[in-house]
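Welcome, and thank you for taking a look at this model. Please keep the sequence and the 3D view side by side as you read.

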Amino acid sequence: MMDSSSSSSAGTAGLTTDDDRSYNSGGIPFISSWIASVSQRYQYYLDKATPFVLRRWICFGVVALIYLIRVIVLEGFYIVSYGLGIYVLNLFIAFLSPQVDPEMQQLLDSDGPSLPTRASDEFRPFVRRLPEFKFWYSMTKAFVIAFIMTFFSVFDVPVFWPILLLYWVVLFTATMKRQILHMIKYRYVPFTFGKQRYNRKRAAAAEDAVASRSSA
C-alpha cells in the first residue's frame with residue numbers, strides 16, 4: 001500500500017513539475033507573438049504611408065530640423081553628424097543610380113532592363129537602385145537614431161568641426177561630379193515625369209537623317 005501511494009504521489013509530483021515547466025515557458029511564445037503583432041502593425045502603417053510622398057518628406061524635414069536644432073544648441077556631437085552626413089550621401093547616390101549599371105550591362109550583355117538610346121526605342125522608366133520609399137525611410141530612421149545618440153555623452157567626441165565639414169564638402173563635390181559624368185556618359189536622367197510618347201514619323205525621319213549622315 002505504501003509503495004503504491006508513494007509511486008502515485010511521485011507521478012503526481014512529476015506531472016506537476018512538467019505542468020509548471022510548460023506554464024513558465026509559456027511567457028516566451030507570448031512575447032514573440034506580441035513582437036510579431038507590433039511589427040505587423042508597424043508595417044501596416046508604413047504601407048499606408050507609401051502613396052503620401054509629400055507628407056512623408058514634410059515629416060522627414062521636421063525630424064531633420066529637430067536634430068539640427070539640438071546639435072546647434074548642444075554645440076557638440078559633430079562626429080555623429082559627420083557619420084550621418086556620409087550615410088546620407090551614400091543613400092543619395094544610390095537614389096540617383098540606376099538599378100542596373102549601364103557599364104556592367106554592356107560588359108555582361110544581359111537581358112535586364114536597359115535605357116533607350118534611340119528615339120524609336122520603347123520608353124522604359126528609370127528604375128532606381130534605391131527606391132524613393134526606402135530612401136525616405138532610411139533617411140528618417142538615420143536621423144532618429146542620430147537624435148537618440150545625442151542623449152549619450154559617450155558619442156560627444158571633441159573634434160574641430162570645420163575640418164569635418166570641409167572634408168564632407170570635398171567628398172560630396174567629388175562624388176556628385178562622378179555621378180553627373182556617369183549620367184552624361186550613359187545619357188540617363190534619374191527622374192521620370194510620366195510615360196513619354198514618341199511620334200513614329202518624327203522618329204523615322206530622325207533615323208533616316210542619321211543613316212544618311214553615316215553613309216555620307
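The text below goes from the confidence of the model to its aromatic rings, then to a loop and to one leucine.

This is a predicted model in which local features need pLDDT of at least 70 and side-chain atom pairs count only at pLDDT 80 or more, while totals for chains, interfaces and linings use all residues. Residues are numbered from 1 along each chain as its sequence is written, and side-chain values use heavy atoms, with hydrogens and water left out.

**Confidence**

The predictor's confidence in each residue is given as pLDDT, from 0 to 100. For this protein the mean pLDDT is 77, and 66% of the residues reach 70 or more.

**Aromatic rings**

A pair of aromatic rings is described by the distance of the centres and the angle of the planes. Rings of Phe, Tyr and Trp (its six-membered ring) pair if their centres lie within 6.5 Å; planes under 30 degrees apart count as stacked, over 60 as edge-to-face and the rest as tilted. The structure holds twelve such pairs, and two of them are set out here.

| Ring pair | Centre distance | Plane angle | Kind |
|---|---|---|---|
| Phe92 and Phe135 | 6.4 Å | 40° | tilted |
| Phe147 and Phe151 | 5.3 Å | 85° | edge-to-face |

The pair of Phe92 and Phe135 links distant parts of the chain, 43 residues apart. Phe92 belongs to helix H4 (residues 78–96) and Phe135 to helix H6 (residues 132–149); helices (H or I, at least four residues) are DSSP runs, numbered from the N terminus.

How open are these rings to the outside? A residue is called buried under 20% relative accessible area, exposed over 50% and partly exposed in between (1.4 Å probe, protein chains only). Phe135 is buried at 6%, whereas Phe92 is partly exposed at 28%. In the other pair, Phe147 is partly exposed at 27% and Phe151 is exposed at 52%.

Ring pairs also join Trp57, Phe60, Tyr67, Phe92, Phe95, Phe135 and Phe143 into a cluster.

The charged end of Arg56 is over the ring of Trp136, 5.0 Å from its centre. Arg70 lies over the face of Phe147, at 5.8 Å from the ring centre.

**The loop between H3 and H4**

Most residues other than glycine have a negative phi. In the loop between helix H3 (53–74) and H4 you can find Glu75, whose phi is positive, near 55°. Phe77 lies in the loop between H3 and H4 as well, and its phi is near 60°. Which of these residues is buried and which is exposed? Glu75 is exposed, with a relative accessible area of 61%, while Phe77 is buried at 5%.

**Leucine 96**

Leu96 is found in helix H4 and is buried, at 5% relative accessibility. Beyond its neighbours within four places in sequence, Leu96 is in contact with Phe126, Arg128, Met176, Gln179, Tyr188, Pro190 and Phe191. The C-alpha atoms of Leu96 and Phe191 are separated by 8.4 Å, although the two residues are 95 apart along the chain.

How values were computed: Helices (H or I, at least four residues) and strands (E, at least two) are DSSP runs, numbered from the N terminus. A charge sits over a ring if NZ of Lys or CZ of Arg is within 6 Å of the ring centre and within 35 degrees of the ring normal. Contact means heavy atoms within 4.5 Å.
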